[in-house]
Amino acid sequence: MIHTDLSPSALPTTWKFRPLALSLLLLILLYPYVEARVLFLKALSALVLLAGIYAIGRHTRFFWIACLLALPTLASTAASIITGHPLAEVASYVGTVLFMGFTTVTILSHTLAAEGEVTTDTLYGVACVYLLSGVTWTSLYLLVETAQPGSFYISSAQNLDHMINWSDLLFFSFTTLTTLGYGDITPVTSAARSLAAIEAVFGVLYNAILIARLVGLYRPPTSSAP
């Protein structure tokens, strides 16, 4: 049963994960049109961070941990935009991985521990975990590529600028997560292959465990006796 109570008293819970899900969708849908404008792309990423803080802010301890992870990430992102220093960019990637990873685990724990009816909040939480996973692995791939240039191979016909950037690895991340495996981007080094294998396994197990959990939470409506 899907609970869709949108009364004022229900809004703080029902809408908790919705801003994060929408901000992630905006990031994924709009990045092809704003990736040439770094400031807009970074602004979308910052929006995801703020929405993530809001999503897990119902628990005070998680809220402060999220803030402690998000603030240095935002600061290093701003520094990379202003100075263009490679270390600031790497710090931004590391902060993003830590924040996204923490947010993903927190929301996943909340979703799996849910009791009673399957609510709209549960479904948005499920979507957030899946989308966050793809974005988190993107930052991990960027770190690997930064530490070991050439960790990923793209044919020259598909890589006109002869560079592997965030958008390339975002596409690779989601094709790996969904196990589509187009083969147009190939992990070359052991570290890159290991991360890709873990992401593919996570994508398969997540769907299987998720369906089992949601079925377990489902309670058919009881019919009244005639």
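Modeller: At 31% relative accessibility, Phe171 counts as partly exposed, a class lying between buried (under 20% relative accessible area) and exposed (over 50%), with a 1.4 Å probe and protein chains only. This is a predicted model, in which local features need pLDDT of at least 70 and side-chain atom pairs count only at pLDDT 80 or more, while totals for chains, interfaces and linings use all residues. Residues are numbered from 1 along each chain as its sequence is written, and side-chain values use heavy atoms, leaving out hydrogens and water.

Rings of Phe, Tyr and Trp (its six-membered ring) pair if their centres lie within 6.5 Å; planes under 30 degrees apart count as stacked, over 60 as edge-to-face and the rest as tilted. By this rule the count comes to 10 aromatic pairs. Phe171 and Tyr182 are stacked, because their ring centres are 6.0 Å apart and their planes stand at 5°. This pair links distant parts of the chain, 11 residues apart: Phe171 belongs to helix H7, and Tyr182 to the loop between H7 and strand S4 (185-187). Helices (H or I, at least four residues) and strands (E, at least two) are DSSP runs, numbered from the N terminus. Tyr182 is exposed, at 56% relative accessibility.

Phe202 and Tyr206 are also stacked, with centres 5.6 Å apart and planes at 20°. Both residues lie in helix H8, four residues apart, about one turn of the helix. Phe202 is partly exposed at 22% relative accessibility, whereas Tyr206 is buried at 6%. Together with Tyr130 and Trp137, Phe202 and Tyr206 form one aromatic cluster.
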